[in-house]
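Subject: Structure for your review

Dear colleague,

Please find below the structure that I am handing over to you. I would be grateful if you kept it open while reading the notes that come after it.

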Amino acid sequence: MFTPTHRFEQLLSLLRRSPFPIDRVASTNALHQDFVRTFPLERLPHLTIDDYCIGKGDNSSFSWWLERGLQPLLGRYMPGTSRGHQVHWKKDGTLYKHRKLRDLGDQEAVTYTMQIQHAIASATPDELAWVDDDAQVYARAGLESHRVMIGDGRKLRLLSAYHPDAVIPISSSEHIRHFLTELGYPAAQVPSVKKPVARMMLLREVFEEARRQIPRLTVHGFMQALYSPQLGLAPTKEAAVEDTTATEADAESSEDVADIDDVEGPASVNTILQGPPGTGKTYATIDEALRVLDPDFFEKNAEDRPVLKERYDELAEAKRIRFVTFHQSFSYEDFVEGIRPDTDNSGAGQIRYVVEPGIFRQICEAASGAPKQDVQLGVGTSPRLWKISIDGTGQSPTRQYCLTHGEARIGWGHVGDLRNADLTDPAFKLGSNDRSTLGDFSQNIQPGDILLCIGSATEVAAVGVVQGEYRYEEAVPAGVRPDYKNVLPVKWLATGLRFSIRELNADKRFTLKTVYEIDRFTWPELRQALLAGDVKMTDPDKQQAGVPLSQTEPYVLIIDEINRGNVSRIFGELITLIESSKRIGAPEALYATLPYSRKRFGVPVNVHLIGTMNTADRSLTGLDIALRRRFAFKDMPPRPELLDGVLVEGVDVGKMLRTMNERIEVLLDRDHCLGHTYFLPLKRNRKLDQIAAIFRQNVLPLLQEYFFDDAERIGWVLNDPNAPSGVELFIRSDTASGSTLQRLFGEANAAKVRDNRWAVNESALMSAASYQNISNTGA
């Protein structure tokens, strides 16, 4: 039973004030009509691959329209990943198909999913309950094979796309549950997670109750109000797993989870996978990265390598994962920042030198540039920063009113509505700075941009985010300067500050111009500096004590062969900053001034470093001690047990690898063992020429390196001295040239010389008995 809460009353109050259009009819909107003309219902079962698939950047496919094209009208679509489309183009130009569709042809797979989507889109608004019953969906789609159902988010989006005036346009079942419980439904009466459409229909009843009191309200206006910052009701956290009984198919096809989850990282943000060659260290970085970035997905798909790799590629394409390999020539300038020559844009081809960020600085800036709180606070994805003086730099009733009432105001009220005014009219007596200020304030400042209200020529008094469009008010509130009629709605996140910007602003002061764009630093850099200055960002709409800026999406930088580079030279002064306790947001956070850009720099807590280190590389000294103590080390030893039961013409491969490694540990150490991954191809191809290729290309070259071409010790590892008569030895004396010691050195010296010539015996490589002899065992 619906019992309206105070939140429902707040919703009605907001709707009555109508701070945005609440009577918008989606079906008559030109955008929606364009969609329906392009993809009428009757066309859906006959879409081609290019008609349906997103991924080629042409912004015209059916999937593109559902995910992005209709977003301005129907709100954000929350598919989580592109896999929710079930068939889509990948970055490399190949076609992805859901694993349960991969035995179908490409066009067959598209037709299969479109039969399902056509059936759902064809549902009548008064009879939608059956859409939650997969068996009925398959039946109405005319499909006998129940391969895979589309996800909840896709079902809801299809219904709102083809019934935009009847279906609440929210594509997250969890968001709908949140709104239902906030507005007046007991949690026990909310349909289960497996019934997203039933949830939406219940929310539609709440809409109908609101419409009884506000008749001009539409579902579009209702949706806008639910997510509006003025109401402050939008969910702050998406429930990643709401019902543990969800099936595997549900898990893969679910489209509206893991969108804004809190992701908990590992105990250490710096990890090195170390081990001998061939133990799968680089291979394992994919697993390690996904454990950090998408742990739930990793747990569900831990045994499905193609799916894990695909998710990894998606995160890499989104720049959440970056990969670099260290080598002897790699430098600080490549890793952090350096000066690079460039040509200017004047056409004259003049050479100039610019500071170019390296991969580490790039990922740190990206990681600090997209916290989840930015979305909640309304900050844009790439917000512009604007300086504004509200009635000068000192305290005044006008400024205090603006900061208290969520506004930014400027003067020049005699000009009138700036959207219609001719700023070049001599009658207004506007100088060039005045015209620029008024143009920026009324046209260029956009919702999501950041305003810095200054308190002096070097200090910021308040930081806010623009919430809406410019407006002109003929009548100003009491206490406000009479000419301050030009208004922007602003959510002031921090007030009462005396925050110096000299370090951020290249030691420059603010100028006297009332409004102008700041281009010497960015929002991520400002946020870092605010955090370092212990400035809390507060959402006044939600009366929060302070939004912790360090809660951000995790990022991963993979450093392959980390010990092959000159680590001290590559990391430079940042060696200290990568410590967990010295990162931005930690109690002991530290910053450094970068040598070329002179920027203040810190390492965000959400940047995870994953390195790989080959313990057998004799060309390197030990890893820098300063770096070593800042990383957690994870051993990656050989795993011969993965080869147990693999027989190649009577050769027990697992036992053979164990025996060789035991001998190597005695003769050298465990860091020089042989990895199991070299032998994994034998699981698929159990032929003698395959094992011969592995020995020829991998095993023998490694043994030659380990033992510095000492034929005797190599023979010990391969058990040549104990080979029975008739078994070919792997290492033989090389007398192919026919030159005897007597011929080379003379009779007098021949007895004094040890003949170190040797060669690999190709006959042994093709002999099963030789491999069996390594571990002194047969089949």
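The notes below go through a helix, a strand, a surface patch and several salt bridges. Please bear in mind that this is a predicted model.

Helix α6

Helix α6 covers residues 106-121, a run of 16 residues. From its first C-alpha to its last it reaches 22 Å, close to the 22 Å expected at 1.5 Å a residue.

Strand β15 (residues 555-560) is largely enclosed by the rest of the structure, because six of its six residues are buried. In a regular strand, side chains alternate between the two faces of the sheet. In β15 both faces are covered: Tyr555, Leu557 and Ile559 are buried on one side, and Val556, Ile558 and Asp560 are buried on the other.

Two strands pair with β15. Strand β4 (residues 321-325) runs parallel to β15 and is joined to it by five bridges. Strand β18 (residues 607-614) is likewise parallel to β15, again with five bridges.

A nonpolar surface patch

Ile339, Ile351, Tyr353, Val355 and Tyr596 make a nonpolar surface patch of about 490 Å². Strand β6 (residues 351-357) contributes the largest share of this patch, three residues. Tyr353 lies in that strand. Is Tyr353 buried or exposed? Tyr353 has a relative accessible area of 62%, and because the cut-off for exposed is over 50%, Tyr353 counts as exposed.

Salt bridges

Side chains of opposite charge can pair when their charged atoms come close. The structure holds 40 salt bridges, and a few of them are described here.

In the pair Arg177 and Glu174, the side chains meet at 2.6 Å, N to O. These two residues are three residues apart in helix α9 (residues 173-183), so about one helical turn separates them. Arg177 is partly exposed, at 24% relative accessible area, whereas Glu174 is buried, at 7%.

Glu365 and Arg361 form another salt bridge, with their closest N and O atoms 2.7 Å apart. Both residues lie in helix α17 (residues 359-367), four residues apart, which is about one turn of the helix. Glu365 is partly exposed, with a relative accessible area of 26%, while Arg361 is buried, with 8%. An α-helix has 3.6 residues a turn, so residues three or four places apart point the same way.

Where does the salt bridge of Arg384 lead? Arg384 pairs with Glu517, and the closest N and O atoms are 2.8 Å apart. This pair links distant parts of the chain, 133 residues apart: Arg384 is in the loop between α18 (372-377) and β7 (385-388), and Glu517 is in strand β14 (residues 515-518). Arg384 is partly exposed, at 34% relative accessibility, and Glu517 is partly exposed with a relative accessible area of 34%.

Finally, a network of salt bridges links Glu407, Arg409, Arg471 and Glu473.

Yours sincerely,
A colleague

Key. Residues numbered from 1 in each chain as written. Predicted model: local features only at pLDDT ≥ 70, side-chain atom pairs only at ≥ 80, totals over all residues. Heavy atoms only, no water. Expected span 1.5 Å × (residues − 1). Patch = residues over 30% accessible without salt bridge, like charges linked within 9 Å, V, L, I, M, F, W, Y side chains within 5 Å. Areas by Shrake-Rupley, 256 points an atom, 1.4 Å probe, with all protein chains shown as cover. Salt bridge = Lys/Arg side-chain N within 4 Å of Asp/Glu carboxyl O. Buried < 20%, exposed > 50% of the residue type's maximum accessible area, 1.4 Å probe, protein only. Pairing = 2+ DSSP bridges.
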